[in-house]
Structures are given as C-alpha cells and as structure tokens.
Protein chains: 4
Amino acid sequence: MLKKVRFSAGIWAFTPCADRFEPKGYKEPSTVPDQIRTAKNVKDLEGVILQYPTGLNESNLDEIRSVLKESKLVASQVDANLFSRRFANGSFTSPDEKIRKEAIEIAKSTVNMAKELNCNYAGLWLGQDGYDYPFQVNYKDLWEREINGFREVALYAQEKAPNVKICIEYKLKEPRCYMTMADAGKTVAICQEIGLPNLGATIDFGHCLFGQENPAESVVFLHRYNRLFAVHINDNYAYWDDDLFFGSLHMLQALEFVYSLAKVKYEGWIGLDIFPYREDVVQACNMSIQNFKAMAKLLDKLPERDLGRAQSKHDAVEAFKCLREIIFK
Amino acid sequence: MLKKVRFSAGIWAFTPCADRFEPKGYKEPSTVPDQIRTAKNVKDLEGVILQYPTGLNESNLDEIRSVLKESKLVASQVDANLFSRRFANGSFTSPDEKIRKEAIEIAKSTVNMAKELNCNYAGLWLGQDGYDYPFQVNYKDLWEREINGFREVALYAQEKAPNVKICIEYKLKEPRCYMTMADAGKTVAICQEIGLPNLGATIDFGHCLFGQENPAESVVFLHRYNRLFAVHINDNYAYWDDDLFFGSLHMLQALEFVYSLAKVKYEGWIGLDIFPYREDVVQACNMSIQNFKAMAKLLDKLPERDLGRAQSKHDAVEAFKCLREIIFK
Amino acid sequence: MLKKVRFSAGIWAFTPCADRFEPKGYKEPSTVPDQIRTAKNVKDLEGVILQYPTGLNESNLDEIRSVLKESKLVASQVDANLFSRRFANGSFTSPDEKIRKEAIEIAKSTVNMAKELNCNYAGLWLGQDGYDYPFQVNYKDLWEREINGFREVALYAQEKAPNVKICIEYKLKEPRCYMTMADAGKTVAICQEIGLPNLGATIDFGHCLFGQENPAESVVFLHRYNRLFAVHINDNYAYWDDDLFFGSLHMLQALEFVYSLAKVKYEGWIGLDIFPYREDVVQACNMSIQNFKAMAKLLDKLPERDLGRAQSKHDAVEAFKCLREIIFK
Amino acid sequence: MLKKVRFSAGIWAFTPCADRFEPKGYKEPSTVPDQIRTAKNVKDLEGVILQYPTGLNESNLDEIRSVLKESKLVASQVDANLFSRRFANGSFTSPDEKIRKEAIEIAKSTVNMAKELNCNYAGLWLGQDGYDYPFQVNYKDLWEREINGFREVALYAQEKAPNVKICIEYKLKEPRCYMTMADAGKTVAICQEIGLPNLGATIDFGHCLFGQENPAESVVFLHRYNRLFAVHINDNYAYWDDDLFFGSLHMLQALEFVYSLAKVKYEGWIGLDIFPYREDVVQACNMSIQNFKAMAKLLDKLPERDLGRAQSKHDAVEAFKCLREIIFK
C-alpha cells in the first residue's frame, strides 16, 4: 500500500516553537539553513516545506538551493507566509486594498519560487482570513475577496507555472476564531465555482479531527472532485490544532486515513505538520514517519475481501473484526 | 427588517419529546391532528412542518387538510421521515438496494404531498445517512448513492412539482456519529455537482452552532450560491443539537443571524425546530417567535452606517459599539 | 495485568435501543428476563447491571434471581432508575419535595435490592439532576439538595447494608444540558464534604472522553481519594456519549486506561455501558470484552522499566517508543 | 448589584499579543512601565495584575511602585510566571527536583511581592503543569508533586503574609493538552485535602465556558466551599481560550455570571483577562468593563421575585420571561 508516497516536513517544526505564553519559543533559535540541516537527520525524510518570503525568498534562493542539495532534500512545497502581523486583518480578504494586493503578489511569487525549485506545489494557508467577533465583517465582501484572490493566483499559475498546483489548506480556526476556508466542503465549492484544475486542497489530518470531519472520508470526498493535492499529518485531541506527532493518539482513525489514501491511489507527498514544543524535533519527526509506515505495513495484512463484505452491509462489528486481525495479532 | 417572514413550527415539538432514557417521552401522547390543534395556540404562528408518511400520508391527507384549515394554519413544508428503524443503516445511502429505492420513493411522495398541500418546500433531513465506526462504510459508494438519490428526487420534482423546492437539511451528527450531509460547504458542493436549481439547503441555526459554523456567515454563503431555501431556529450550547427555544442562549449570534437574513432579503418561512422536553410547548414556541421578533425590532435601531464603516475596517470594537446601542439602551 | 477483573453488562444494551428520532428503538422489544438470557451468550460475561424499579423490583425479584442463576450470571450492580419522566425536573434535586423524597426512597430501595442479590454496588446516575437554560435554577439550592440526598442514602446504606457501596456515576451532560454531578473533581469534592467511606464514583471511560478528562488520569485521581468504586467501558468521539463498543476508536487512550486500572490494582467489575443501536448486541459486547482483554494482554509485554524511565523525565517520545513495542510488533 | 467590585486588568493585554504564527506579536513592543501607563487610559480601571519575576521583580519594584502611583492604579494581584521555557515540562510538577524547587521559590517570592505592594492576592496559574501525550507521565507522582507544591506555598503565605490569598487559576488546557488544575471540582478537592483557608480559586469566565462548566454555577459551587477568591472576565466560543473582550458573545451567560457574583456577595476584583491581538487594547478593556457595568445595571431591573418563583419550579420559560424584561425592554 502507498508505496509511492514520500515524506516531507514543514520547516516550522524546526523553529523554537513559540506559543503566546512563551513567544521566544521552547528551543534555541536557528537559521532556516540550519533548520534544513537538522531536517536531514530525520530518517526517510526526502523533502521540506518552505515558507515565502520568510525563510525562503529571492535573496537567499541560491543559498537554500545549495543547502537543500547538501542535505539531500528537496523542496516538496512552498507555502506563502500570509499570516504575519502585516496581514493581521486578512490577506486575500483584507479590507485594505493595498494590503490585499500585496498578499496576492506574495502568493504569485510563492508560485514562482516553487517553479524555481522544481517543486509542484504552492501552499496557501490563509491563516488571517476570517474574523473573531459577531458583526465584525461583511461576509459577502469577505467571500468575494477571498474567492477573487484564489482565482487570480490560480490563473496566474496556470499561465506562468503550469506544473505548480495551488493547495488551499483549509482549517476551521486559529489564529482567527472563524477562518474563511474552514472545511473540505467549502473548499470544493469554491474550487467548483472558480473552475480551474490547478486549484485544490491540502488535507491536514489534524484539521479534519478538530473540524469534526472524518479524515478518511474527507480524502475520498476531495478525491471525488479531483481536489486532493497534498497531505499533512499530525495528531490532536479533536478540539484544537495541537500538532502532536502523527500516530500518537487516533491510531484507528489514522489507520483508516492511510487506508483511504491508498484506496484513492494518492501518490504525492506526506507532509509532517507538527509543532514539537517540548520534544526533540528529529525524534518527533521520526515517530510520525515511522508510525505512518508501520500503519501502512499493518494494512498490507488487512483481510480486504472480508472488509469489503462487511462494508457492503455497513456492518461495524464485522469490519472491526478485520481490524482486530492487524492490531491484536 | 424581515417584514415578510412567516413563522411555522416543526410538528415534532408537539410530540411527547422522547429521548433514549425516556422513550415514552416527557409528555402525554397525542395524535397529529391534536398536535396541530395545539399549534394554533402559538401566537403569530402561521404554518406547521409535517412529516410524511408518519403524521401525514395519502390516507389522512383530507383530515390533515381540514384540521389545518380549522386551525388557520398552512403546511409550510413537508419533510420525509427517512430516519425510522427501517432506514437504520441509511436511506439514500442504504447498502440494501430495496430499502434505498423505498427511501427515494418516500422522498418523491413527500414532494407530491407538498404539492397537494400547496406548499413549496419538501424537506430532506437524511438522519440515518452516515456511519458510526471507522472502516464501517465505503465512502466512495456512500457519496455516490447519496448524490444520486438527491439528483433523482430533484429531477422528479422538477418535472412533477415545479413549485416545490427540495431542502437539504444539513447536520453534523445525530443520530449517526458522522452524517453525510454534514455542513453548508458539502451541501453547496453537491448542489453544484447536480446542477439543478430546485435543490438547496435548510439552514438550522443550532446545527450551525454545534457544527462550528457561524450561522450568520452560512446564511450569506448559501445565498451566494442561491441555495438558501429554508430556515430553522432554536438554540444550543454549541456542542449538540439541544433544540432549546430560540434566543435563550446565543443572543448576539442570533441577532447577527437575523441581521444576515435581512441583508440577503430572505422572505420565506422561519421554522421552529425545538424539542421542549420539559417545557410547555406553546410557551416554548411563543418564546422562540417573540425573541425572533424582538431581535428584528432591535435591529431596526441598529446604526447601519456606523456598522458599515466599522465592517469596512474589520473593526470589532467599533462594530460592537453599534451593537451596544441596541442591547444596552 | 488486571487478572482479577470480571466483566458485566448494563442491561440497557439489550433493550431495543431507542433514540429521540426512533423512540420505539432499532430492535424488537423484549422482557428483562429475556434480556438476561441473551446476555448469557456474551463470551466471558459474568454479571449484569440491573435497574430498579424498572426491570428489577420487589415483585419480580425471585424471577430475576432464578433467571440469573439459570444464565450463570450474577447482578454486579443495581442502578436506581431516577431518570424517567417522573423525575424530569430532577430527582435528588427536584424542587418538589414529594418527588425528591420518592427519589431518595428509590435510591434506598436500590441499596436494599443490591443487598438482596448479594451484590456490593448500588449505582446512582442522577440523569435528570441539572438544568438546561440560564437562570433556570437556583444553584445554591440545587447543590444543597443534591448533596443532602447523597448523604442520606449513604448513611442509610452504612446502617442497613454495610457491604453495599454507593457509586456516583458522573457525567457532563445528557439528558440535561448541564448535570450536577458532572466530573471527577466535583464527585471527590462532595464525597469529601459528606465524609463517608461508602460513597464513591463510577468512572465511565466515555464520560471522561467527552468531558475532556483523560480517563487514565481520572482513574488515578479517584484512587488517590479512595473513591474509585466501579468502572464502565465504551467509546465515543469525545463530544458526546455515543456509547460505541469499547476499543473501537480511542485505542491508545483505552490502553492507558487499562494500564492505569492495573497500576491502582483495581479488582472490581468492568461494566459494559454501550448502546448498540444498529449492531447485534452480543457481538458488540463480545468486541468490548475481547478488546479489553487483548489490550490487557498487549500490556503484559510493555517494557515497564523503560516506560518508567521515560515518565520520570516526562519524555513523550521515549514513552511512545515503549508503546510501539506492543502495538507495531 | 455588585456595587463594591473594582476593575483591574492583566498586564499581558498590553503586550504585543503574540501567537505561535506571529511570535513577535501583532503590536509594537513596550516596557512594563509603559504598559501600566497605557492602562491608566482605561475608564474605570483601578488595578493591574502584574507578573513575577517577568515584569515585576525585586530589582524594579520601586520603579513599578512609582509608575503605579503616578498612574493612579494599584496592583490588584501578583501572578507567578511559571509558564516560561524554563518550566516547559512542569513547574510544581516538574520531574526535575531542582526546577521544581525553583518554581516553588518563585511562588513564594510572588507572595512576598504581593505583600510588598499591599496587595492581597497572589495568583498561581500553573500553565505548564500537565502533559500532552498518553503514557507521558506518571499521574500519581504528578498529583503528589502538584498538591505538595500548593501546600508548601500556602503554608508559607500563612506564616509570612497572612493577608495574601493564594488563587489557583484553573484551566482545562493550553499550553498543555491536559492541565493538572483543570476545573472547579478538582480545585475544591485539593483545597479540601490541603485544608488551609488561604488557598482558593480564581474563576475565569472563559475558562469555564471552554471547560464546559457553567460560569454562574461555578461561582456558587466555589463559594459553597469558601474558595471563590478572584474573578477573571473575557469571552470565547466555548472551545478555546480566545480571550475576547467580555460581553462580546455569551451575553446571557455573562448576565447570569454577574448575577451569581451578586448573589454570593462577591466584593473583590474583577480582572480583565483578555488578549486583544487585533484590537486597540484600551478600547477592548473599555468594552469589557462597560459591558460588565451595563449588565450589572440591567440586572438592577430584574424582577427578582418572579425569577425566584420560576426557579423554585425550575421553570425555564418563566425564568426567561424575567430576562426578557431587561433585555428587550
């Protein structure tokens, strides 16, 4: 199962891991090149997800390229950093047209940067697009600006970087109390409205959990509409984006997530999106990857025919008996 | 604001209100005609939502018609009852083709029944479509059956009852742990896929809350895609479908919900979807309607221009100052 | 590990399993004696939890005794049914002094009934004690009545049935939006206030999950205060009391729960508290028990010394490596 | 109602308000003296909550004293900062005995510092005491260390600063996934175990909401055990500690919270615990205080006798009618 996936890691795991109570972070600061050098110590890791223009930008492109090469890693995805203070009131949805244009320019440059690095995925997690209070925004305008922003970037990519896919990373909340691109359904709806094939979704296992989506079902739902572009893994307690290492909590739902990815023949990157505040980052990444691989291996022994029969009757007990074959034997 | 809305009530509020610990319910049993007769005691109520084939069906149609007339109420909507034991493993998504066809037939007959009663809304809340356990169902098949079911019913209605709109009432969960038609985004996505104008959504204020959608935003989102067909009101603690009377808890979000309905010029029914287990049903309905009306009246005094200015900057404090004008004066 | 525990099942699992949308339940009705006869088909089951006065009472005591004997089962616990319509506004907390006295009498008779059946546990899950709306109750009075009720019953048991322990089954909500005996902390607090050793807690794995307590920690917390009397198992999605079969979802937290029970040397009953709405009840019980046993068996291979070393540093990765030894080998 | 309360503000509201995505914060950095000078611009504010040893410590005590005086503010409470990187794995619960002792020393010095400032409240919010992963810690040891820590500090305060009350600020989670002092029940339980009258609770309106406690009930519960020492106000969406300005969301539950404080004759400080990431801090504080005051004023008109009658029957509708008198008139 899933023999063709490759593992990458969001570079943010290698930062000091700040939170609002310890803004300096729980670890020593380091440069992005050093973070990449640390990443190479993770077993089975082949890529890193970089952020533009923080971390990666036009002025350090060559250096990053050379550090990647030296570390035998590739850039699996370039994400736009549109969640800094500048965009506190929104990026694509900013009510300030000047800031909004800047945000869209950064997104376009992110696409360029991905192309420069021979990388096929540009990530748009619009962390500041949303709101916190009732009556704070005009929803009609907010959605209009958001959708127009995505359209503009997708059209740009179609023309300038046809190999680069735009990945909308949906998330229910944080840092905003309500985020615009909140769930799989809305993501598909606006992709359908815009109607361009290079716009799709990053599914994040943990975002699904605390958004009360079943991750395994969302894989299939997004795939139905050809919008499953990228995958993030981690874990949490189903209420918040705790970004724990993958496999540490929801083992059975994680197993089904891996199973779903195999069923839809997903062949892209499996990106680690974790925040190891108090753990050694290399070890936390190792755990995530090795847990994923161990699950994929367990699934090789799943009695597929019996499971199919159970599912054809929606029989939860018979389905679970199939699972017991691999988890308790 | 909202001068053209009319109030109706889901007939289930008038039942004994059972739960799993007291399946006989907290009140005396009664017949549907008597439930309608009780409903007429609710102030400002003009309609009731009936259920087919339980409660309303071909054999008691005339009786129901006459009781409605006598009570000076109309049928505002007819809902398909597709959540009884027969459909425990799914209605449109049933793995048993025979049961699935039955479900679709009931949905079509519900459309007929709506037409018979000169009512423009047929409701499909597919309470049993979903699953409870990991690995229990094949999601691809589940979605395929669900969407095909909706398409078949919408096509049928288009031909046989062009005035009847099909209202998908989405809900995150209960009675299933995961329900297929879970949220506004998925509802729009499948409506777009099916591409028929007579298929849309019932937004339920409480379903939004515990699905962690902001009800006021969902009004606008559904309206953007011309899928806002019907409205249900109630309240809850944002974790479960408590079906408390409207206005009892989330007053500010309720105010914004009413405000959003006015903004999109909603002119249909406001349907009470409450379960007054321990309250007098007429009083609980009165509270819901009078709270809605009181909110609409408060909103008449909202300083619209100031609010628009605040929203044009996403300024939460300035927006709240506008609210303070109406809630603390 | 845990060699001395025995399994019992709440008799309610064998009912038709009603919910508010299908109050007749998803299965055929049956008598309590027949439910007990069905229970004997569950592998490794030794006891049943009965309910007084519904199901078990003075008039059918002899019949129940003989059915139990014939089925080679014992009554592991007798629960007071204080959640029927009669107690819709509260049992120990009822504002109606007559109803409140009735509730306390039922609780006392429950103790008697336990004694009659040589059973050491009387269960008090006060499902109706709480409230649903802001401003609905006077909290001071509510707590006063609740605590006085527990005190009266515990004093009664101390005198009349010194072998019977009173088990408060705490739960955050359902059927009330807020329940008085909501969590482990409040349960310990009122047990300390009352100061009688025969008053303690039933910990329910699922209640902990959706109450956002960590079940394994609550075992230790209750044990610290000598209040861990009884244990219920099941599973859910951490938002509601779904009462799924044990082990079906939160495998790792379930493993730690079993581990905690072993650490505190728990030797009582493991009671199945499940609601198999759509599953064969015997199979759902089998799954619960066999999953528990399989977990206990896995834990026999846990590298205890390594785990102790990891825990002595709060090292999550090292601790998880110990877990990987038993779940992926 | 509540004529004797005074308002203070947690000094952290005046920082740049960092989060993990923007660790530099959403605003310009400033010194603590400047933060105090900003605080004086808040209307009706009389105090600030300071943090030791960050912000306030032995070396800047005189400066802080003079800035307070100049700003006509007092220190309403001194909180121990035990949530910095040093205590990442726990403060009172640290597995490292050296760090644990340091934490306890900081807590004792916090008491001293309170005394020095003629302030009667020392706050202990032990943000790092808890854990994130299953099997990460030994719960028995964790609780032992936590309780012993509180006992040691309370004994110290009893002897050295008899006017200073130790306020445990309980919170379900964040920054840890599970925090030791999680809820009102556990706080009372350990206060009872320790048995010292100078140890009690800070109730935080928002912590209650996302801990699924009803704030108004928790006020009464803590008061029952003489453990209601301090009060924090803010608001959130009942899932996370959003720290929005007070009154912005849960108006009815906030009203009942203020009502409960009046009922138990609370006469201490009302402390603003907000994080205005994107708002002007002075305005956000103004909103919080003025909303609180407006609610207290509304409550003056509450028909107390009618409400008492409704509550004596647990009648939600009658109780709500009393509320309608003040919110819709």
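**Entry 1: cavities**

I started with a term: a cavity is a set of grid points where a 1.4 Å probe fits but cannot get out. The model I am looking at is a predicted one. I looked up how many such spaces it has, and the structure holds 15 cavities of 30 Å³ or more.

**Entry 2: the largest cavity**

I went to the largest cavity next and found a volume of about 740 Å³. Its lining is made of 49 residues. Nearest its centre I found A:E174 and A:W240, together with D:E174, D:W240 and D:D242. I then sorted the lining by class and got 24 nonpolar, 21 charged and 4 polar residues.

**Entry 3: the second largest cavity**

Here I noted about 590 Å³ of space. I looked up the lining and found 40 residues, with B:R20, B:E174, B:W240, C:E174 and C:W240 closest to the centre. By class, this lining has 22 charged and 18 nonpolar residues, and no polar ones.

**Entry 4: two helices in chain C**

I turned to helix α8 (residues 251-263) of chain C and helix α9 (residues 281-300) of chain C. They pack at an angle of about 70°, and their axes are 10 Å apart. Angles of 65 to 115 degrees count as roughly perpendicular, so α8(C) is roughly perpendicular to α9(C).

Which residues of α8(C) and α9(C) meet? From α8(C) I listed C:M251, C:A254, C:L255, C:V258, C:Y259 and C:L261. Their partners in α9(C) are C:F292, C:M295, C:A296, C:L298 and C:L299. I checked the classes too: the contact of α8(C) with α9(C) has 11 nonpolar residues, no polar and no charged.

Note on methods
Residues are numbered from 1 along each chain as its sequence is written. Chains are lettered from A and ligands numbered from 1 in the order in which they are written. This is a predicted model: local features need pLDDT of at least 70, side-chain atom pairs count only at pLDDT 80 or more; totals for chains, interfaces and linings use all residues. Side-chain values use heavy atoms; hydrogens and water are left out. Axes are lines fitted to C-alpha atoms, for helices over the stretch in contact, and angles run from 0 to 180 degrees between N-to-C directions. Helices (H or I, at least four residues) and strands (E, at least two) are DSSP runs, numbered from the N terminus. Angles under 35 degrees count as roughly parallel, over 145 as roughly antiparallel, 65 to 115 as roughly perpendicular and the rest as oblique. Contact means heavy atoms within 4.5 Å. Ala, Val, Leu, Ile, Met, Phe, Trp, Tyr, Cys and Pro count as nonpolar, Asp, Glu, Lys and Arg as charged, and the others, Gly among them, as polar. On a 1 Å grid over the protein atoms alone, a cavity is a set of points where a 1.4 Å probe fits but cannot get out, and a pocket is an open set with protein on both sides within 12 Å along at least five of seven lines; lining residues have an atom within 4 Å of a point. Grid points are joined across faces, edges and corners, and a volume is the space filled by probe spheres set on the points.
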